[in-house]
Amino acid sequence: MKNLKKLISASVLAGLLAACGADLDEPEPKAVLGPDAVTEAENIDRLVIAAYAFLGNDHYSIPHSFWLTGNLRAGDAHKGGDGIDDVQWGHELSVFTGLKPDLSQLPRDFIDINNNQWVRWYAAVSRANAALSAMQAADVDEPAKEAELRFVRGIFYFWLKIHYKHIPIVPADALPAEVAQIGNRDMTDQQTWQFIVDEFAFAANNLPAVQADVGRANKYSAQAFQAKALLFKAYVQDENHQVTSINQSELADVVSLTESIISSGEYALNEDYANNFLYEFENSKESVFSIQRSQQDGSQDGKGAFAFALNGPQVEIDGFYGCCGFHVPTDNFVNAFKTDATTGLPLFDSYNDSIYVYADPVDPRLDHTVAMEDKPVKYDSNVVHKGADWARKADQYGSHTSIKELELPSCNCLMKNGNNDVKPFTLTSMNTPILRYSDVLLMQAEALIEIGGNDNLEKARELINQLRARAKNSTDKLVAAGVQSNYKVEEYSQAFVDQDEARKALRWERRLELGLEGHRFFDLVRWGIAASWLNNSYFPTERERKVYLAGAEFSPGKHEYLPIPLEQIVLSRNGKEYVQNPGY
């Protein structure tokens, strides 16, 4: 068991400053950790681990891999499950029209999941702040520990930022009365981004290049998140969320930061794309940062990936799964993997003219990402997808299954969660990658393309080709399992004609390489093309295929971000009232 995984389950809310006993494998808190005790190095580290632990405190309604807010809203996945009102939050994310500041009246939900998401992530910020405040009160000078806390805090602020845009930034030492006077518009959009960039910059400057415990942030994971925050910041938006300019200096910083990671030699692409999503290869050389999951760690249900508890097939397999058929890949997403029979390149203009059939030339990353009828699943010839039998509402959503987040019953990483009165959910202790080395390559390629110039476009082509070459060589497990597909993927052999062609290739590659990992919608918003993609490219055809989308419509200047939860606005009226996002 990894050291960090052992410690995570022993952590409790840092706001309570509870500490474990001497045995770090024991989950029971032994005492209240007061400021005097914070001077002990071991206890400081427990506060840090308590902050890390919150990364794994997610839920199928608020997953920390954004299959709901990142995939459904991008047209890459349907909600799935037992129809529209089964976790209706997901349905409203898919069609947009029902999103509003108070979501507590949704049928079969009756809780405001949007508000719960806000509260959960600010609780994580509070946990990091409590640890930072305790260190400050005890006059403890531990820059590396402060760096880890600010790294974790930075992740949650980053998530809040890409979901809500206008968010309050709470200092670690703020008193309750002071917190009440912090508004969500005290900082401009760009100032808030700069705060987040600075969080990761501090972490990068104070963390070692290598950590003894697998799963902790290091210098390069902090640089990767710094680059990611800068990349978002570089696309300057107006009040209506439209991109008005792209900051060339910040793009250059993205190139510099990603080059530091690439040249470090600490990371590389896995030889087989499959290895990023298999339990036995977790924390591989491609994992820049992952949520550490665990089981049998002393806690009630382990630190399993409850985020994906609904996403297994509806059919029971060897005592596991049997629920609940959520996160169903769309036809549009599947079709995007089709390639030209001659060149092996994407069918940019005609990919969605017809539904993918198994004889079509296709990028093998499709079968690493989506399980489909009559194909072996996750490289096991004994487990074959049964189409509609695996789905809950195949007539409504289709029968495809998202598989990156799943493992087969033969994996000893699977376990049952006993909190469901009807049928226990299946959880996995397989780690959740939230930033892979391939993303680092793509971030650098994107920055180079937007800076422009022939040399930069050529360098971007080389970076994109690294991923396509790896995809081409990622068929062994699929072929050995007997997957019947016509694999054809090649590199871009000719220099990009211009910036537009390079941009199209980059954006397509991000969709395939990071498919169903929760990035797509936020990419569309960053590029300023969410409205045009959804309203002009996705909805017109997908409405004909899936009737539940008949009324779906994306409103530019509104739906790029979620509404500030009404409950938070009401609560803020005792101090400095929050300002709602446009359109809500």
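Strand 6, residues 287-291, is mostly covered, with five of its five residues buried. Keep in mind that this is a predicted model.

**Strand 6 and its partner**

- Strand 6 runs antiparallel to strand 17 (residues 432-436), and four bridges join the two.

**Disulfides**

- How many disulfides does a search of the whole structure find? The search turns up two.
- As a reminder, a disulfide is a covalent bond between the sulfur atoms of two cysteines.
- One of them links C323 to C324, with an S to S distance of 1.3 Å.
- Both C323 and C324 are buried.
- The peptide bond from C323 to C324 is cis, and its omega is near 15 degrees.
- C324 itself sits in the loop between strand 8 (320-321) and strand 9 (326-329).
- C411 and C413 make another disulfide, with S to S at 2.3 Å.
- Its torsion about the S-S bond of C411 and C413 is about 130 degrees, so this disulfide is right-handed.
- Both C411 and C413 are buried as well.
- Counting bonded cysteines along the chain, the disulfide pattern reads 1-2, 3-4.

**Positive phi values**

- Some background first: most residues other than glycine have a negative phi, and most peptide bonds are trans.
- D139 is not a glycine, yet its phi is positive at about 55 degrees.
- You'll find D139 in the loop between helix 5 (113-137) and helix 6 (143-164).
- Is D139 buried or exposed? Its relative accessibility is 70%, so D139 counts as exposed.
- L516, again not a glycine, has a positive phi of about 65 degrees.
- The loop that holds L516 runs between helix 17 (499-513) and helix 18 (520-527).
- L516 has a relative accessible area of 6%, and the cut-off for buried is under 20%, so L516 is buried.

- Strand 12 (residues 376-377) pairs with strand 13 (residues 380-384) in the antiparallel sense, over two bridges.
- P376 has V384 of strand 13 as its bridge partner.

**Helix 5 against helix 6**

- Two packed helices are described by the angle between their axes and the distance between the axes.
- For helix 5 and helix 6, the angle is about 160 degrees and the axes are 10 Å apart.
- An angle over 145 degrees counts as roughly antiparallel, so helix 5 is roughly antiparallel to helix 6.
- The crossing of helix 5 past helix 6 is left-handed.
- On the helix 5 side, the residues making the contact include N114, W118, W121, V125, L132 and M135.
- On the helix 6 side, they include K145, L149, R153, F156, L160 and Y164.

**Helix 4, under cover**

- Which residues of helix 4 are buried? They are Q88, W89, G90, H91, E92, L93, S94 and V95.
- That is eight of eight residues, so helix 4 (residues 88-95) is mostly covered.
- The cover over these buried residues includes helix 3 (67-71), strand 3 (77-80), helix 5 and helix 19 (530-545).
- F96 follows helix 4, and its phi is positive, near 75 degrees.

**K459, for contrast in location**

- K459 lies in helix 15 (residues 454-472).
- With 34% relative accessibility, K459 counts as partly exposed.
- Leaving aside neighbours within four places in sequence, K459 is in contact with Q444 and L448.
- How far apart in space are K459 and L93? They are 37 Å apart, C-alpha to C-alpha, and 366 residues apart in sequence.

Note on methods
Residues numbered from 1 in each chain as written. Predicted model: local features only at pLDDT ≥ 70, side-chain atom pairs only at ≥ 80, totals over all residues. Heavy atoms only, no water. Buried < 20%, exposed > 50% of the residue type's maximum accessible area, 1.4 Å probe, protein only. Pairing = 2+ DSSP bridges. Disulfide = S-S within 2.5 Å. Axes fitted to C-alpha atoms, helices over the stretch in contact; angles between N-to-C directions. Parallel < 35°, antiparallel > 145°, perpendicular 65-115°, else oblique. Left-handed = near helix turned anticlockwise from the far one by under 90°. Contact = heavy atoms within 4.5 Å.
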